[in-house]
Amino acid sequence: EDTQIKCFVGTLIIVSSIILISKNSNLDIYERREYLSFICIFDEKINLTKASEILDVSRTTIRNDIRDIREELLNNNLELKISQQEGLILSGEEIDIRKQQLKFLRKYSNFIFYSNVGLKTRKELIVEEYIKYVDINIIKNFINYIQKLLNKIISDEAYNIIAIYLIITIIRIKQGKVLEKIANKQFLKETAEYDTILKAKGILE
């Protein structure tokens with residue numbers, strides 16, 4: 001399964017393009033920029049020529065879209081840098097990349113946790129492809145067990161944020177991406193919540 005995740009993320013733009021082409025209709029500007037943002041944030045690289053071919057728009061249009069995406073990324077401590085081999089690559093601290101991925105996926109929390117077998121949008125299909133190797137039920141069991149041990153019930157919003165962050169964390173770790181810097185690390189280790197998580201972590205392993 002680890003190999004499947006690594007292979008999938010390495011070909012994310014191909015999978016995404018297949019999904020888009022299969023729908024056989026043009027994207028509006030919001031959908032197009034959402035798609036480009038997804039590739040930049042999750043594949044961490046983007047080739048403008050390939051993107052223009054997949055989306056069937058000019059390179060100028062793609063450049064304009066990327067300019068706005070770049071601005072948003074800069075506001076979140078991330079940068080798209082030029083690479084001769086790969087086009088543009090995402091640069092920044094691991095924690096900031098995860099925060100940006102969380103911000104993106106939170107928009108699809110209802111789909112992720114309460115999806116039915118009915119029709120899905122193109123964007124939902126792409127998100128589904130990204131998270132399909134993570135068992136959502138195991139994530140839910142982990143959070144529910146933590147709540148039971150702590151004798152606390154968290155809000156639905158907090159529940160979804162924690163669950164999505166766990167999904168991101170699992171995928172990033174399997175990609176070999178780990179957090180190098182953890183704020184207040186020693187303080188966190190001394191909390192009751194930290195001990196509780198240690199007791200429950202076997203559910204995720």
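This is a short tour of the predicted model, stop by stop.

Local features are described only where pLDDT is at least 70, and side-chain atom pairs count only at pLDDT 80 or more, while totals for chains, interfaces and linings use all residues. Residues are numbered from 1 along each chain as its sequence is written, and side-chain values use heavy atoms, with hydrogens and water left out.

**Whole chain**

Show the cartoon. The protein has 12 helices and three strands. These are DSSP runs, numbered from the N terminus: helices are H or I of at least four residues, strands are E of at least two. Of the 205 residues, 40% count as buried, meaning under 20% relative accessible area with a 1.4 Å probe, protein chains only; exposed is over 50%, and partly exposed is in between.

**Core**

Select Ile 66, Ile 112 and Ile 167. Within the largest nonpolar core, of 47 residues, these three touch the most other members. Such a core is a set of buried Ala, Val, Leu, Ile, Met, Phe, Trp, Tyr and Cys residues joined through side-chain atoms within 4.5 Å. Helix α10 gives the largest share, eight residues.

Stay on Ile 167. Leaving out residues up to four places away in sequence, Ile 167 touches Ile 112, Phe 113, Ile 131, Val 134, Ile 136 and Ile 139. Contact here means heavy atoms within 4.5 Å.

**Arg 172**

Next, select Arg 172, in helix α10 (residues 156-174). Its relative accessibility is 0%, so Arg 172 counts as buried. Beyond four places in sequence, the residues that Arg 172 touches are Glu 44, Glu 94, Ile 97, Arg 98, Gln 101 and Lys 177.

**Glu 93**

Move to the loop between β3 (87-91) and α6 (94-106), where Glu 93 is found. Glu 93 counts as partly exposed because its relative accessibility is 40%. Leaving aside neighbours within four places in sequence, Glu 93 is in contact with Leu 78 and Lys 181.

**Largest cavity**

Finish inside. The largest cavity has a volume of about 80 Å³. A cavity is a set of points, on a 1 Å grid over the protein atoms alone, where a 1.4 Å probe fits but cannot get out; lining residues have an atom within 4 Å of a point. Grid points are joined across faces, edges and corners, and volume is the space filled by probe spheres set on the points.

Select Glu 34, Tyr 35, Arg 122, Lys 123 and Ile 126: of the 12 lining residues, these are the closest to the centre of the largest cavity. Helices α3 (29-43) and α8 (122-131) are the elements giving two or more residues to the lining.

How values were computed. 1 Å grid on protein atoms, 1.4 Å probe; cavity = no way out; pocket = protein on both sides within 12 Å on 5 of 7 lines; lining within 4 Å.
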